[in-house]
Amino acid sequence: MHWITRFSAVFTAALAMILLSPSLRSFSPAAAIRSSSHPEPSGAFKTRHSSSSFRESPIFRNAEQCRSSGDDSGVCNPNLVHVAITLDIDYLRGSIAAVNSILQHSMCPQSVFFHFLVSSSDIQTLESLIRSTFPKLNNLKIYYFAPETVQSLISSSVRQALEQPLNYARNYLADLLEPCVKRVIYLDSDLIVVDDIVKLWKTGLGPRTIGAPEYCHANFTKYFTGGFWSDKRFHGTFKGRNPCYFNTGVMVIDLKKWRRFKFTKRIEKWMEIQKMERIYELGSLPPFLLVFAGHVAPISHRWNQHGLGGDNVRGSCRDLHSGPVSLLHWSGSGKPWLRLDSKLPCPLDTLWAPYDLYKHSH
C-alpha cells in the first residue's frame, strides 16, 4: 500500500500548484485523493485571537487595466465588487484566510469592498484586528448584527455551531447593507477563492434573486423530515417547482429584488413553522431551500467545491468534485485550521494553508 501513499502525496502537491498558480488555476483537476474517515478535532484547538495573532497581509495592487475605484462615493461607488463575510471569534482565522485569498487572486483588489458582519459586542477589537492585518484595505465596513434579531427563531440543529445567530446574518443583508448596494456576494468563513472574484460578480441572474451552484442529483428529500413530506401544507410549497439542493455558503444576491419581494420575512415565516412543527434538522439552510429552491440562477460548480469539511458529525476527509476549481469550501464539521493544528490534516487542507495568516499556526 506504500505506493498509494506516495501517489496521494505527489498528487496533492501537484494539485496545489495548479490551484495556487495564477497562470494555471483555470485547469481542471482530476479526481482527488479517496475519501477516508477522519475524526473532528476537539474544541481545545479553538483559539481566541488578538490583533497580534496575525501576520500582516502582503500588498496586492491593481493591474494597469483596472478601472479606478477611487472616488468620493465610498460604498456607493458603482465600480465596486461587494463581498459580505462574517467575523466570528472561532472562525476568524478562516475569514482572514478567505479575504487574503480573494485579494491575492483579484486583478483589481482595490475594487473589492468587504462588508464584515459581526455579532460580538467587541466590534472595535475585531475592526482593529482586520485593519492591522490588512493595513492597505480601505474598502471595508463592519456591521453589527444583533443576535436578538433572530435568536427566538433558531431551532436546535444536528451541530451546535449551526445554531449560532451569526449563521443567519445572511438573511438580513438587505437590511444591514446600505440601500445603494444593489448586489452582493455572500461567502462563508471556511473557504478560499483561487480565481478572480469579479468573474463570480459578473454572473447574470436573469429574473432570479439569488444565484448559486445547484446540485440536482443530490437527495433533496433528506433536508426535511418525514413529517414535512407527509403534510401537503408544507411540501406543497414546491408544487410547480423543480427544487434542487444548493449550498448557501456561496451566493450572488440581488439585494434590490430581495428588498422588493421581502424575502427576509418569507424566511422568517418558515423558521416560525419549524419552531412549532420540526420540519427539518439542519440550521439556516432549509429555510433558504424552502423559499428559493427551484428559483435559483445556476452558477458553475467551480464556484463552490463544497463539502471539504466532511459530514456534519465526524468531519471525514473528502475529495474535490470533478471539474475546474475557482473556490474551495470546507463546509461540514471539519475545518482546515483545526485539523492542521491537531496534526491530523486531510490531504486537501494543505491547499488552505498558504492563505493562513495566523502567526503560530503550524
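1. A residue is called buried when its relative accessible area is under 20%. Arg93, at 2% relative accessibility, therefore counts as buried. Please keep in mind while you look around that this is a predicted model.

2. Let us stay with Arg93 for a moment. Its salt-bridge partner is Asp356, and the closest N and O atoms of the two are 3.0 Å apart. The pair joins distant parts of the chain: Arg93 belongs to helix α2 (residues 92-105), while Asp356 sits in the segment after α11 (336-341), 263 residues apart. Asp356 is buried too, because its relative accessibility is 3%. Asp341 also comes into the picture, as Arg93, Asp341 and Asp356 are linked in a network of salt bridges.

3. How many salt bridges does the structure hold? There are 13, and two further examples are worth a visit. One of them joins Arg131 and Glu127, with 3.0 Å from N to O. These residues are four apart in helix α3 (residues 123-133), so about one helical turn separates them. Arg131 is partly exposed at 34% relative accessibility, and Glu127 is partly exposed as well, at 25%.

4. The other example pairs Arg233 with Asp231, where the closest N and O atoms are 2.6 Å apart. Are these two residues buried or exposed? Arg233 counts as exposed because its relative accessibility is 58%, whereas Asp231 counts as buried at 18%.

5. Now for the aromatic rings. A search of the whole structure finds 23 aromatic pairs. One of them is formed by Phe220 and Phe224, a tilted pair with 5.8 Å from centre to centre and 50° between the planes. Both partners are buried: Phe220 has a relative accessible area of 9%, and Phe224 has a relative accessibility of 6%.

6. Phe224 has another ring partner in Trp229. Their centres lie 5.9 Å apart and their planes meet at 85°; planes over 60 degrees apart count as edge-to-face, so this pair is edge-to-face. Trp229 is partly exposed, with a relative accessible area of 30%, in contrast to the buried Phe224.

7. If you step back from these pairs, a cluster comes into view. Ring pairs link Tyr215, Phe220, Tyr223, Phe224, Phe228, Trp229, Phe234, Phe238 and Tyr245.

8. A last stop brings a charged side chain and a ring together. Which residue lies over the face of Trp201? It is Arg183, at 5.9 Å from the ring centre.

Methods. Residues numbered from 1 in each chain as written. Predicted model: local features only at pLDDT ≥ 70, side-chain atom pairs only at ≥ 80, totals over all residues. Heavy atoms only, no water. Salt bridge = Lys/Arg side-chain N within 4 Å of Asp/Glu carboxyl O. Helix = DSSP H or I, 4+ residues; strand = E, 2+ residues; numbered from the N terminus. Buried < 20%, exposed > 50% of the residue type's maximum accessible area, 1.4 Å probe, protein only. Phe/Tyr/Trp six-rings, centres within 6.5 Å; stacked < 30°, edge-to-face > 60°. Lys NZ or Arg CZ within 6 Å of the ring centre and 35° of its normal.
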